[in-house]
Amino acid sequence: MRIYFLLLALLCLFSTLAIAQTSNQNTGWLFLMNNNKLTKKWGTHLDVQLRTGDQFSHLKNVMFRPGLTYFINDKSDVTLGYLWNQTYIPVADAEDIQLTEHRIWQQYIYKHKINALNLSHRFRLEQRFMEQQNGENLFAQRLRYFARVMLPLAKGQTNFQKGAFVALQNELMFNVQQKGNVNGHFFDQNRAYLAGGYRFSKQLDLEAGYLNQAQKMRSGQLINHAIQLALYTRF
């Protein structure tokens, strides 16, 4: 079963190496996610993220992403949602520049298990409305594919409810419409993530890990080394 960890690790490595490294930065990400099942078929999604600038110098992004979920069955669900993303750009001896991005997004998630491994695949389409410093608003559409594998550390955990775990995930992003309004490239970025965590109950996970974000820019590339702390709740 560990072959799936190996395959996902290789995907992370090759996707990151596919982008020539030109500049680096170090940031911190705080990630809070809640999924709430209202009925057998309907539920809500909410995630909130706070991200710092380089060297943890300032708060760079505040992201608020609610959604409405329909459960197709025990393994599959679809969600329609909205995102508000506020970006703060420091200016010497002046107030920060604040830029707002609005997104409408649709996603499909498929979850399954192989022995003790918990696997999930997410396909997300985003319609992005991005405010520019000149006051103009630009539109672009982005496709994202996310894969995650979680392995409980205790043996015999076919129905994982409590204990320590490790997780490996990777996400690929592609500008499928109006790429010139983003960075001029079809391939937008790759995010590889390795974490350790603890499941306190069926309702609560806490994890911390390292995320490597390899992002295409208009000129050159950016490698972001992010330390992420994540809290997951389920009701």
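1. A residue is called buried when its relative accessible area is under 20%, exposed when that area is over 50%, and partly exposed in between. These terms are applied below to a predicted model. Phe123, for example, has a relative accessibility of 41% and therefore counts as partly exposed.

2. Phe123 also takes part in a ring pair. A pair of aromatic rings is described by the distance of the centres and the angle of the planes. For Phe123 and Tyr145, the centres are 5.0 Å apart and the planes stand at 35°, an arrangement classed as tilted. Phe123 belongs to strand S6 (residues 117–131) and Tyr145 to strand S7 (residues 137–152), so the pair ties together parts that are 22 residues apart in sequence. Tyr145 has a relative accessible area of 24% and is likewise partly exposed.

3. How many aromatic pairs does a search of the whole structure find? The search returns eight. Elsewhere, Phe174, Phe186 and Phe187 are linked by ring pairs into a cluster.

4. The surface carries a nonpolar patch of about 620 Å², made by Leu30, Leu32, Leu50, Leu59, Tyr198, Phe200, Leu206 and Leu229. Two or more residues of this patch come from each of strand S1 (24–37) and strand S9 (187–201). Leu229 is located in strand S11 (residues 221–234); with a relative accessible area of 41%, Leu229 is partly exposed.

5. Leu50, another member of the patch, is placed in strand S2 (residues 42–52). Its relative accessibility is 34%, so Leu50 counts as partly exposed. Leaving aside residues up to four places away in sequence, Leu50 touches Gly28, Trp29, Leu30, Leu59, Asn61 and Val62. Among these contacts, Leu30 and Leu59 also belong to the patch. Leu50 and Tyr198 are both patch residues; from C-alpha to C-alpha they are 21 Å apart in space, and 148 residues separate them in sequence.

6. Is His45, which lies in strand S2, buried or exposed? His45 has a relative accessibility of 6% and therefore counts as buried, the limit being under 20%. Its side chain is joined to that of Asp47 by a polar contact of 3.0 Å. With residues up to four places away in sequence not counted, His45 touches Met33, Asn34, Asn35, Arg65, Pro66, Gly67, Thr69, Thr79 and Trp105. Strand S2 thus holds both the buried His45 and the partly exposed Leu50.

How values were computed
Residues are numbered from 1 along each chain as its sequence is written. This is a predicted model: local features need pLDDT of at least 70, side-chain atom pairs count only at pLDDT 80 or more; totals for chains, interfaces and linings use all residues. Side-chain values use heavy atoms; hydrogens and water are left out. Patches are made of residues with over 30% relative accessible area and no salt bridge: like charges are joined within 9 Å, nonpolar side chains (Val, Leu, Ile, Met, Phe, Trp, Tyr) within 5 Å. Accessible areas come from the Shrake-Rupley method with a 1.4 Å probe; for residues, only the protein chains shown count as cover. A salt bridge is a side-chain nitrogen of Lys or Arg within 4 Å of a carboxyl oxygen of Asp or Glu. Helices (H or I, at least four residues) and strands (E, at least two) are DSSP runs, numbered from the N terminus. Buried means under 20% relative accessible area, exposed over 50%, partly exposed in between (1.4 Å probe, protein chains only). Contact means heavy atoms within 4.5 Å. A polar contact is a pair of N or O atoms within 3.5 Å; within protein, one must be able to donate a hydrogen and the other to accept it, and residues adjacent in sequence count only if both atoms are side-chain atoms. Rings of Phe, Tyr and Trp (its six-membered ring) pair if their centres lie within 6.5 Å; planes under 30 degrees apart count as stacked, over 60 as edge-to-face and the rest as tilted.
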